[in-house]
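I opened this model to look up a few local features. These are my notes, in the order I made them.

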Amino acid sequence: MKFRVIVSLFASVFLAFGAVQPSLAAPSANNAQADTVITDMAQAFKRGDRKRLSALLPQAKGHTLEPWAAYWELKARLDEASSQEVRAFFTRYPATYQEDRLRNDWLLLLGQRRDWTTLSDEHPHYRMRDDRELRCYFLTIELLEKGPQASASIADEVRKNWMGMKEADDGCTLAADRLYFTKQFTALDIWRKARLMVEHNRPRTARNAVQIVAPDAANVVPDAINNAEKFLAKHIAAPQKVRQELVVMALIKVATSDADKADKLMRNKWQPYLTTEERHWVWGVIGRQSAMRLDDDALTHFARVSHDKDLNDDMLGWKARAALRAGNTPKWPVVESAISHMSAEARKDPTWVYWYARALLARKKVTPQIQQEANAMLEGIAGVRGFYEQLALEELGRKVSAPARPPAPTAEEMDSARRNPSLQRALYAIGMGLRSEGVREWNYATNLVNAEGKAGMMSDRELLAAAQVACDNQVWDRCINTSERTRAAIDFEQRFPMPHKDAVIARAKTINLDPAYVYGLIRQESRFVTDARSHVGASGLMQVMPATAKWTARKIGLTGFTPDQISDRDTNIAIGTGYLKLVLDSFEGSMPLAAGAYNAGPSRSRRWRAPNDGTGPVLEGAIWAENVPFNETRDYVKKVLSNTTNYAALITGQPQSLKAKLGLVGPRSVSAPAENLDLP
């Protein structure tokens with residue numbers, strides 16, 4: 001019943017939008033029956049059922065989502081389709097996401113087939129331009145044409161794309177192979193790729209890299225990775241019989257699971273056999289792993305690296321984090337040095353802009369020139385857009401306030417957004433329950449093409465109008481994401497909406513919980529999608545796990561609770577806020593610790609703070625958050641606190657301090673109430 005109501009709602013919305021292209025018009029047949037065809041085709045595509053797709057395609061003709069149906073059918077047999085069929089699809093569905101998506105798929109296939117002529121002819125028509133492997137194929141064409149005379153910028157771009165890809169890919173591996181052949185890549189470039197893939201547990205990708213530089217050693221790679229300790233023990237007596245780099249890869253593999261064991265292997269056996277660069281890389285991995293475990297000796301490992309230039313950005317980032325948390329006062333010279341040796345691109349990240357400026361200001365002697373340099377860096381990122389932007393604002397003596405709201409989209413701007421065929425299809429797909437397809441099409445329409453469907457960015461006014469269409473239809477995740485893309489015009493009420501306001505604020509006040517904190521968490525958890533469900537089984541607005549929901553329901557006196565009620569709005573809010581309050585109280589009101597616990601579990605957040613014996617340092621909340629070992633949780637904590645600060649500015653109408661909300665994080669106070677160790 002709920003599904004039919006939603007579909008009916010979206011059908012009425014599209015009728016109100018007015019006439020569209022004939023192929024995009026809402027079906028004249030019974031909506032429910034026509035929608036069932038599309039749903040069946042979506043399921044058949046996931047199963048790879050080509051026959052079912054071909055049989056159903058004629059019934060999808062004239063449906064709003066016909067381009068999706070046609071895409072699924074052709075994509076499923078693309079490896080057998082003729083060029084004429086593919087080009088006919090492009091002609092039938094011009095300027096659509098599906099046209100560009102199929103072109104992306106086809107161009108990748110052409111690259112795999114080494115059909116450089118057709119790829120060159122079709123590539124100019126490709127609008128998304130966001131596929132790194134495909135970009136590498138196109139760069140390979142230039143390398144084949146120009147050989148050693150190819151621009152150095154091509155090698156730089158291939159290196160960036162190849163190093164950034166964790167999965168085995170043909171395009172960038174091919175380009176890297178070509179660059180190595182023309183001596184524009186060194187052997188060290190290739191080996192460093194292999195090392196990175198060992199760190200990310202991608203043995204196949206590591207082997208592909210080794211195949212380029214040392215084909216004779218490629219077959220030994222699985223043994224060096226999968227049986228690292230045995231491999232090292234077997235070759236310790238005669239290291240000259242095995243390539244040193246395989247030893248380095250084996251040491252890296254050991255370090256990723258046991259930094260202490262890798263430390264002993266290095267100090268007691270392997271250091272004399274490695275080059276300076278190889279030693280530095282292994283110590284960098286050991287230092288990073290130790291820093292991620294929040295070990296006190298992380299900086300000791302990093303100190304064995306005499307040239308920071310031999311470390312990559314990830315290692316240097318963890319060196320800086322370890323220096324930040326090294327005591328009640330950070331080791332600022334180490335922070336400054338680590339950040340200064342990062343790549344130019346990494347140094348632009350607001351995280352490192354902020355901490356580098358802080359390190360400059362912490363020098364023993366701060367000259368007017370240094371003060372000016374640090375202030376200029378902080379001014380360059382200061383604003384309300386994110387965590388470090390807000391901290392930079394406060395460092396400059398200003399608090400976080402809601403910016404003046406830009407003029408609302410005009411009737412003409414709203415009409416243009418409502419008539420955008422891609423936005424129409426996206427909303428219809430989401431209304432049918434095809435959220436993944438709808439989100440991808442919406443993102444394409446707002447991120448990668450302009451309002452006319454051509455490659456380029458939407459203007460701020462177009463983005464505000466598109467965001468408002470999503471808001472009006474209560475598709476809050478697209479409302480937020482689209483509004484966040486504006487560059488100059490910032491509409492805080494779009495970016496930080498407050499759906500279910502009466503229910504959320506009433507519940508928060510009842511249990512003495514800051515509603516801004518609740519909204520900051522919900523915005524990050526579910527983007528206000530009431531039926532959101534994570535890959536681990538968390539459900540609803542506040543993404544509550546079934547076991548946690550059952551436990552919390554008992555604790556807050558919610559009688560008669562059953563698991564199927566988790567997605568009910570009011571039940572989810574009651575359980576989510578109840579659990580958040582229990583967590584917050586257990587962590588003495590610390591918002592960052594509670595946010596970390598909500599995302600990764602109380603036991604982890606407890607482990608990430610200083611020991612309760614009173615020996616650990618007292619850290620700024622921002623330093624504690626930056627040292628959270630899990631990438632997802634670190635990002636989550638920062639975004640929840642940033643969201644909270646902005647919601648507080650909206651709700652109260654008063655300037656806010658993110659630093660005050662972060663507070664200090666140190667050992668548990670001896671006078672604090674007993675910690676709730678039963679929290680799930």
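**Disulfides**

I searched for disulfides, meaning pairs of cysteine sulfur atoms within 2.5 Å. By this rule I count two disulfides. This is a predicted model, so local features need pLDDT of at least 70 and side-chain atom pairs count only at pLDDT 80 or more, while totals for chains, interfaces and linings use all residues. Residues are numbered from 1 along each chain as its sequence is written, and side-chain values use heavy atoms, with hydrogens and water left out.

I took cysteine 136 and cysteine 172, which are joined S to S at 2.0 Å.

Next I checked burial: buried means under 20% relative accessible area, exposed over 50%, and partly exposed in between (1.4 Å probe, protein chains only). Cysteine 136 is buried at 0%. Cysteine 172 is buried at 0% relative accessibility.

I then turned to cysteine 471 and cysteine 479, whose sulfur atoms are 2.0 Å apart in a disulfide. The torsion about the S-S bond of cysteine 471 and cysteine 479 is about 40°, so this disulfide is right-handed. Both cysteine 471 and cysteine 479 are buried. With the bonded cysteines numbered in sequence order, I read the pairing as 1-2, 3-4.

**Confidence**

I looked up pLDDT, the predictor's confidence in each residue, from 0 to 100. The protein has a mean pLDDT of 92, and 93% of its residues reach 70 or more. Over residues 1-29 the pLDDT is below 50, and this stretch has 41 contacts in the model beyond near neighbours in sequence. A contact here means heavy atoms within 4.5 Å.

**Arginine 358**

I found arginine 358 in helix 22 (residues 350-361). Is arginine 358 buried or exposed? At 11% relative accessibility, arginine 358 counts as buried. Leaving out residues up to four places away in sequence, arginine 358 touches Trp332, Glu395 and Glu620. The side chains of arginine 358 and glutamate 620 are joined by a polar contact of 2.6 Å. A polar contact is a pair of N or O atoms within 3.5 Å; within protein, one must be able to donate a hydrogen and the other to accept it, and residues adjacent in sequence count only if both atoms are side-chain atoms.

**Helix 14**

I listed the buried residues of helix 14 (residues 228-235): Ala228, Phe231, Leu232 and His235. Seen down the axis of helix 14, these residues fall within an arc of 95°, so they line one face of the helix. I took the arc from the directions between the helix axis and the C-beta atoms. On the other side of helix 14, Lys230, Ala233 and Lys234 are exposed. The cover over the buried residues of helix 14 includes helix 13 (221-226), helix 15 (244-257) and helix 16 (259-270).

**Aromatic pairs**

I paired rings of Phe, Tyr and Trp (its six-membered ring) with centres within 6.5 Å; planes under 30 degrees apart count as stacked, over 60 as edge-to-face and the rest as tilted. The whole structure gives 22 aromatic pairs. In one of them, tryptophan 68 and tyrosine 71, the ring centres are 6.0 Å apart and the planes are at 85°, so the pair is edge-to-face. Tryptophan 68 and tyrosine 71 both lie in helix 4 (residues 66-75), three residues apart, about one turn of the helix. Tryptophan 68 is buried at 1% relative accessibility. Tyrosine 71 is buried at 5%.

I also checked tryptophan 116 and tyrosine 137: their ring centres are 6.1 Å apart and their planes are at 50°, so the pair is tilted. This pair links distant parts of the chain, with tryptophan 116 in helix 7 (residues 116-122) and tyrosine 137 in helix 8, 21 residues apart. I noted one aromatic cluster formed by Phe45, Trp68, Tyr71, Trp72, Tyr97 and Tyr444.

Conventions
Helices (H or I, at least four residues) and strands (E, at least two) are DSSP runs, numbered from the N terminus.
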